[in-house]
Amino acid sequence: MKRILLVVAVIALYFLHQDFWFWRTAHPLVFGFVPIGLFYQGCFSVAAALLMWLLVKYAWPHHLEQEIEQQETEEGSQR
Amino acid sequence: MIPAIFVFIYLAAVLYIGIFAFRRAKGSEKPEDYFLASRSLGPFVFLFSLFGTNMTAFAILGSSGHAFSNGIVTFGLMASSSALVIPITIFLIGTRVWALGKKFGFMTPVQMFRDRWECGHIGTVIFVVQAALLVPYIIIGIMGGGTTLNVISGGLVPYWFGGAIVALVVMSYVFFGGMRGTAWVNTFQTILFLTFGVIAIVVIGVGMGGFRTAANAMLASPALAPLLTRERISPLYFFSYTFIPLSAIAFPHILIFCLTAEKMNHFKKTVIFYPICILAIWLPCVFLGVMANRVTDVPQIKARQEARRVLATQGKTMAPEARDELREQAAGDDVIMLLLQRYAPLWLAGLLGAGIMAAVMASDSQILALSTMFTEDVFAFYGGKRRFGEAVQVHTGRIFIVLITLVAYAVALRAPETIFELAIQYAFSGFAALSPLLVAALFWKGSTKWGALAVTLWTVLAVVAVALFQHAVPAPAPGPPLVAWAIGGTEVLSRTPGGTAVFGFMPVVPMVLVSALLMFVVSLVTRKPQQATIAKYFQF
């Protein structure tokens, strides 16, 4: 279930990149000088970092790591 | 000349890092040590060097120049799309390639493809295509170095000498330090870029009297207000750009870098912090590029704006050559340097110039990747390693580094820069079209070598076709595209002011989709590798 939710989150964020709702306006100017379209895309990058954190926390391919660790242990004991 | 002195100090520092890495290797002549730093990079160096490897001169100079001409859309097109797509590809593909590299000893993508699909010469075809798409980066890096040193020194260092110095420094630290030296230099360079962005925005912001006045003045100007929105860009074009970052993981130098991590755990920080690093570098550069349009007392910036105005108002009646010339005059790749010269004190401009130099010199990892690929995919594969041994393989790699740098420098002196800028544009689409190779090799048991060959040949065909089309049909003036082929009122193929459109999308979209389709269809009808080979890749 967690993985399905993460896949949905990735797809949702991918489509949220296409922010047509701020396409033709610069208003409001965030902090008085940052156009809203640029501010949104900046926030999108932060959201991407948060999503990556969720992926690392809940979908990390531990099996690959374990396989390599096991191989290294075996090689170490053979030496 | 003071800024140039800072740049020379910077060049000496990176040279020292390379030599220090050479001493650290303690005379090891093992290919895995020279080409992959013995797969031993720690989390900090891995994050910053992988990120730095992917940040070329375009991240600082190109992004601000593009934003100067096109506005805030630059960030959404090139930065935020990469902030999502690149870390996902590192998470899904990079980690798996790292594990396979550790398990089976792969050092290049082609080695993995040859083993995965039980092929020899098809791997060589993939090597040739990857190398051909990578060479323009090396040439443009030397050109960028020559130009930057020339500008920073106020013309005292001629282009040919600046290019020679940059080529010599890059060649030396790659030659001596191999992957360890390159990774350390990239880490140092990334820290410089990150510092650069923050300092540049503060210094220029203060110099301009705050951005609030500049932003409001731009909004009040009918010619400049659109730069604060995306109204001049079509949503399909914007969407197309999300396909470009697929190229990152398909670049051999990025994939080879993924093999250098000591532990898979080190990918975690890279995946999480990659979007933040992109934000930290691109946001200030894009914002400053846009704001440069409000600077009224720098003659070079005024000249670029005037060229843009003439192009927009009279471009339609001009000859294609005159339009191209105006386009070059309107390009703002140097706006960030002009802003620094105008607003930063001399010593700070020098320090920041070193940051720009760091971005320009990102061709080191491409040179090393080409050398790794040549020695592993050609020299070792065709028996050189077996006959002459590992030490000769490393020496061959070093000789290759010298030769490729000399050839790139010779070409950089003679050929016009625009040719290679165009080649890089094609290379991004080309590597994106090659990305289905990795997905199929790692995630689809049914993929075959013939599917891989079809993807590779299609990529070559598509890149050449787009290049020929753009050569044959000159770019129109800013405004509606020139429709070359339409069916029943639907635009199939158009020439836009910035390139080509297929059904309104950039060529990269059909290129990637057709690649994926070819891999699927051709693999379905051709013979699969043996079960034992497939099991190697899918039973862990």
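Me: Which strands does the hairpin join, and through how many residues?

Reply: The hairpin links β2(B) to β3(B) through 2 residues. This is a predicted model: local features need pLDDT of at least 70, side-chain atom pairs count only at pLDDT 80 or more, and totals for chains, interfaces and linings use all residues. Residues are numbered from 1 along each chain as its sequence is written, while chains are lettered from A and ligands numbered from 1 in the order in which they are written.

Me: How do you know that strand β2 and strand β3 of chain B are joined, and by how many bridges?

Reply: Strands are DSSP runs of E, at least two residues, and helices are runs of H or I, at least four, both numbered from the N terminus. Two strands pair if DSSP finds at least two bridges between them. Strand β2 (residues 490-496) and strand β3 (residues 499-502) of chain B have 4 bridges and run antiparallel. They therefore count as paired. In one bridge, B:R495 has B:T500 in β3(B) as its partner.

Me: What makes β1(B) and β2(B) a pair?

Reply: They share 5 bridges, in the antiparallel sense. B:A486 has B:E491 in β2(B) as its bridge partner.

Me: What is the order of the strands in the open sheet of chain B?

Reply: The order is β1-β2-β3, with antiparallel pairing. β1 (482-487) and β3 of chain B each have a single partner strand, so they stand at the edges, and one side of each has no neighbour in the sheet. From one strand to the next, the twist averages 10°.

Me: Why are α8(B) and α18(B) given the orientation they have to each other?

Reply: Two packed helices are described by the angle between their axes and the distance between the axes. Here the axes of helix α8 (residues 159-207) and helix α18 (residues 364-380) of chain B come within 9 Å and cross at roughly 110°. Axes are lines fitted to C-alpha atoms, for helices over the stretch in contact, and angles run from 0 to 180 degrees between N-to-C directions. Angles under 35 degrees count as roughly parallel, over 145 as roughly antiparallel, 65 to 115 as roughly perpendicular, and the rest as oblique. So α8(B) and α18(B) are roughly perpendicular.

Me: Which residues meet where α8(B) and α18(B) come together?

Reply: From α8(B), they include B:V170, B:V174 and B:M179. From α18(B), they include B:I367 and B:L368. A contact means C-beta atoms, placed from the backbone, within 7 Å. By class, the residues of this contact are 6 nonpolar, 4 polar and 1 charged. Nonpolar covers Ala, Val, Leu, Ile, Met, Phe, Trp, Tyr, Cys and Pro; charged covers Asp, Glu, Lys and Arg; the others, Gly among them, are polar.

Me: At what angle do α8(B) and helix α16 of chain B pack?

Reply: The angle is about 60°, and the axes of α8(B) and α16 (residues 335-343) are 10 Å apart. That makes α8(B) and α16(B) oblique to each other. The crossing of α8(B) past α16(B) is left-handed. In a left-handed crossing, the near helix is turned anticlockwise from the far one by less than a right angle; clockwise is right-handed.

Me: How does the radius of gyration of chain A stand against the globule rule?

Reply: Chain A has 3 helices and 0 strands. Its radius of gyration is 21 Å, well over the 12 Å that the rule gives for 79 residues, so chain A is more spread out than a compact globule. The radius is taken over C-alpha atoms, and the rule is 2.2 Å times the number of residues to the power 0.38. The C-alpha trace of chain A spans about 65 × 30 × 15 Å along its principal axes.

Me: How many residues does the contact take from chain A and from chain B?

Reply: It takes 34 from chain A and 40 from chain B. On the chain A side, α2(A) gives the largest share, 13 residues. That side divides into 21 nonpolar, 10 polar and 3 charged residues.

Me: What kind of peptide bond joins A:H27 and A:P28?

Reply: The bond is cis, with omega about -5°. A:P28 sits in the loop between α1 and α2 of chain A. A:F31 lies in the loop between α1 and α2 of chain A too. A:F31 has a positive phi of about 60°, although it is not a glycine. Most residues other than glycine have a negative phi, and most peptide bonds are trans.

Conventions:
Contact = placed C-beta atoms within 7 Å.
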